[in-house]
Every structure is written in C-alpha cells, then in structure tokens.
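Dear colleague,

Please find the structure below. My notes on its helices and its sheet follow.

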Amino acid sequence: MHRLISLRRMRKIYPAIPKRSLGMKQHLNEYYKIIYETTNLNMFSPTAEQVLENKQLDGKTCLITGASSGLGLEAARCLAASGCRVLAASRNTYKGLNATRDLGSGDLIQVMELNLASLKSVNNFSEELIRNGNQLDMVLLNAGVFGVPWARTEDGVETIFQVNFLGQLQLLLGVERLLAPAARVVFVTSESHRRVNWSPRDQICPREDMLSLPEHEYTSIKAYNISKLCSFLAMQYLAHRWRGSGRGVFCAHPGTFVKTQLCRHWWVYEALYTAMKPFAKTIPQAAATPVYCATSDALAGKSTLYYKDCARRAESDLAQDSQLAFRVIDLCRSMLSDRVGQAIDNPAVRPETAEVRDKQEDEGLAAVS
Ligand SMILES: NC(=O)c1ccc[n+]([C@@H]2O[C@H](COP(=O)([O-])OP(=O)(O)OC[C@H]3O[C@@H](n4cnc5c(N)ncnc54)[C@H](OP(=O)(O)O)[C@@H]3O)[C@@H](O)[C@H]2O)c1
C-alpha cells in the first residue's frame with residue numbers, strides 16, 4: 001500500500017507532479033479554498049444560449065481561440081446559431097472540424113489552424129486573417145492549458161505561459177488592425193489570478209523568469225495563475241492603448257471546476273473535476289459570461305471590466321495596478337520582439353497615439369476633399 005501511494009513512484013508515472021515543493025498540505029489547502037468558493041456557485045446561472053436569446057448577430061464576425069472543445073466550442077455553437085460568423089482557431093484542425101461539423105450552423109463556422117505554443121504559427125494565422133481581410137467584431141481569447149509537466153515551447157518560453165497568455169497577446173497585436181471600431185476583446189481568465197504573490201521588488205522590476213517559470217520554480221497551478229493575472233494586466237494596457245477608439249476589452253471568469261478537457265493532463269485533476277461536477281457549472285453555463293461580455297448591449301461603450309456569473313466583480317489589487325500592467329506588458333513585448341522581431345514592430349500594430357490618429361484623420365479628410 002505504502003509503495004502504491006509513494007510520491008516518488010507517482011512522479012515516475014505522472015511527471016506533472018512537481019519535483020520540488022509539492023507541499024501536499026499547501027496544495028490541499030488551496031483546493032479547500034477553491035472548493036469552498038465553488039459551493040457558493042449559483043447552479044441556476046444562465047447558459048450562453050440564454051444570454052444570446054433574441055439576439056441577431058448577422059454580419060458580425062467573432063474570432064475564438066481554443067474552439068475545438070469546452071467553452072470555446074460551446075461559445076462558437078451559440079454565436080453561430082445567432083447568425084454570427086465564427087473563426088474557430090484550433091490547434092488541431094482535424095479535431096476542430098470534427099467538433100464543429102455537427103453543430104448545424106452551415107458555413108458560419110470556419111476552422112483555422114493556430115498553435116499558440118508556436119509564435120511562427122501565430123504569425124502565419126494573423127497573416128492569413130489579414131490576407132482574407134476579415135474585420136473582427138469580437139475576439140474571445142479562450143484557449144488554455146493546465147496541469148502539464150514543465151516544458152518549454154519551440155520559442156523557449158514555459159508552455160502554460162505562452163499558450164494561455166503570450167501567444168494570445170502576440171495574436172491580438174498581430175490582428176489589431178482588423179478590429180472593428182467598436183470591437184470587443186474578451187480574455188477568458190480565472191479567479192485564480194488572485195493567488196499570485198509577487199514581492200514589491202518583483203512588481204517594480206518584473207523579470208522574464210517571473211512569467212516564464214524555470215523548472216525548479218514550476219508548478220502548473222503557479223504558471224496557470226500567472227498567465228491569468230497577465231490577462232488582467234493586458235486588459236489594463238490595451239484599455240490605455242485603445243482609449244477613445246470605441247473598442248472594449250474585458251476579462252471573464254467562466255466558472256470553477258467546469259468539467260472540460262482542461263483537467264485531462266493529470267488523473268488527480270481529472271478525478272477532482274469529476275468529483276466537483278455536481279456542484280460546478282455545466283459547459284453551456286460556463287460559456288455564458290465570456291459570451292455576455294462579447295455581446296451584451298449593456299456593455300456598449302464600456303471597457304476594462306471584469307465579469308463573473310455575468311455580473312461585475314472586482315479583480316485583485318495586482319490585476320488593477322496599471323503601472324505593473326505597463327511594466328509586465330512591456331516585458332512581454334520585448335520577449336516577443338526578441339523571438340519574432342519584426343512582427344511586433346510592424347507599423348500597423350504600433351500604439352495608436354493621439355498624434356498618429358489625428359494625422360491619419362487629416363490625411364483621410366485631405367484625400368476626400
Ligand atoms: N474549466 C474550468 O473550470 C475553467 C475555469 C476557469 C477558467 N477556465 C478557462 O477557460 C478557457 C477554456 O478552457 P476549457 O475549460 O474549455 O478547456 P478545454 O476544453 O481544454 O479547452 C481549451 C482549448 O484550448 C486549446 N488549446 C490548448 N493548447 C493549445 C495550443 N497550444 N494552441 C491552441 N489552442 C490550444 C485546446 O485545444 P486542444 O483540444 O487541441 O488541446 C482547447 O480547444 C481556458 O482559458 C481556461 O483557462 C476554465
């Protein structure tokens with residue numbers, strides 16, 4: 001029996017168990033906190049379909065990352081059922097095509113290949129969108145990964161951080177020029193962003209290894225929480241970048257312990273999510289808040305807000321710190337420019353300063369008159 005539950009033995013079979021500081025007691029404490037919060041969930045919360053009831057989205061286009069399963073697939077189904085054209089970005093197009101084939105939305109859903117663990121794939125994807133001249137009314141940055149063993153991507157970045165955040169930031173900057181004047185960008189994030197503890201010194205001078213964790217500091221929960229905090233920081237940054245443009249940027253927490261494929265990488269998470277299923281939101285309910293943020297008329301003209309259960313919530317203090325946001329996103333941009341160079345320095349994706357906008361407007365007026 002002792003041999004069966006020996007950690008060393010389990011680690012051999014499931015390398016996702018962090019080598020150092022597993023701190024089982026600490027992890028159990030974390031789980032206890034999450035379970036406590038989860039049981040407060042409103043199990044009668046609306047579904048994405050109910051959020052979109054009587055909504056006509058004909059002529060609109062929504063880009064969704066991670067649309068081959070879970071919340072992304074459900075959001076794609078509901079948006080397409082309301083007449084919206086959906087660009088379903090999927091790491092595995094075969095899986096994406098299979099998943100969307102039976103949704104019965106005709107050709108409103110277009111599956112496109114995007115592997116966020118490869119910045120080259122992200123750039124190819126953005127270039128294809130730009131070539132096709134798609135205008136984007138909504139962007140749901142939903143793709144995510146959790147519970148995987150430590151690994152670096154081909155770009156030399158820790159995998160969870162790149163897939164959940166850095167790759168999606170690169171994607172957004174790459175397709176920025178395609179955003180409609182009143183476009184909405186929604187980061188599908190998580191309440192777990194609250195569990196990031198950066199020291200004041202780290203906050204003043206963030207480093208790459210605080211974001212892309214080295215192996216000896218890695219646990220998948222820690223990497224996941226950091227990636228989700230960064231989504232909030234990006235929301236702050238983008239709100240400044242797009243001030244006065246009419247674009248809105250939101251963060252949405254879908255729910256906790258929603259039984260999707262997110263937990264598939266380690267049997268312990270799989271078991272935990274299965275055990276919590278009766279108390280957690282269903283996938284259609286979990287897709288509701290991101291879809292609400294992307295489409296609700298009540299949010300027209302608004303921006304930089306965090307939603308949970310389709311209602312406003314306050315994000316953590318760190319997530320609200322706009323100076324930290326600029327430092328961290330500057331660091332991310334330099335990580336990207338080190339790795340992909342000219343893509344991030346493309347003039348089309350530079351910040352639209354007031355001077356640049358005024359100049360463009362003047363030029364436009366001169367051309368018309
Ligand atoms: N489930 C929850 O309880 C929960 C709670 C809070 C927040 N969230 C967030 O909700 C979002 C959706 O998660 P989910 O629960 O629906 O999980 P899911 O079913 O695993 O969906 C995640 C999606 O992301 C895609 N993805 C993973 N790695 C990728 C990569 N390298 N490149 C491109 N796409 C990739 C997956 O594609 P493949 O199928 O090819 O892997 C899948 O389509 C995530 O951001 C997650 O963090 C979920």
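Helix H8 (residues 159-175) and helix H11 (residues 220-241) pack with their axes 8 Å apart, at an angle of about 15 degrees. H8 is therefore roughly parallel to H11, a term for angles under 35 degrees. Axes are lines fitted to C-alpha atoms, for helices over the stretch in contact, and angles run from 0 to 180 degrees between N-to-C directions. Helices (H or I, at least four residues) and strands (E, at least two) are DSSP runs, numbered from the N terminus.

This is a predicted model, in which local features need pLDDT of at least 70 and side-chain atom pairs count only at pLDDT 80 or more, while totals for chains, interfaces and linings use all residues. Residues are numbered from 1 along each chain as its sequence is written.

The contact (C-beta atoms, placed from the backbone, within 7 Å) involves residues including Phe161 and Phe165 of H8 and Tyr224 and Ile226 of H11.

H8 also packs on the sheet, where it touches S1, S4 and strand S5 (179-188). The direction of H8 makes about 170 degrees with that of S4.

The sheet is open, has eight strands in the order S3-S2-S1-S4-S5-S6-S7-S8, and shows mixed pairing; two strands pair if DSSP finds at least two bridges between them. Its edge strands, S3 (109-113) and S8 (311-313), each pair on one side only. Strands S1 (residues 61-65) and S4 (residues 136-141) run parallel and are joined by three bridges. Cys62 has Met138 in S4 as its bridge partner.

Yours sincerely

Notes. Contact = placed C-beta atoms within 7 Å. Parallel < 35°, antiparallel > 145°, perpendicular 65-115°, else oblique.
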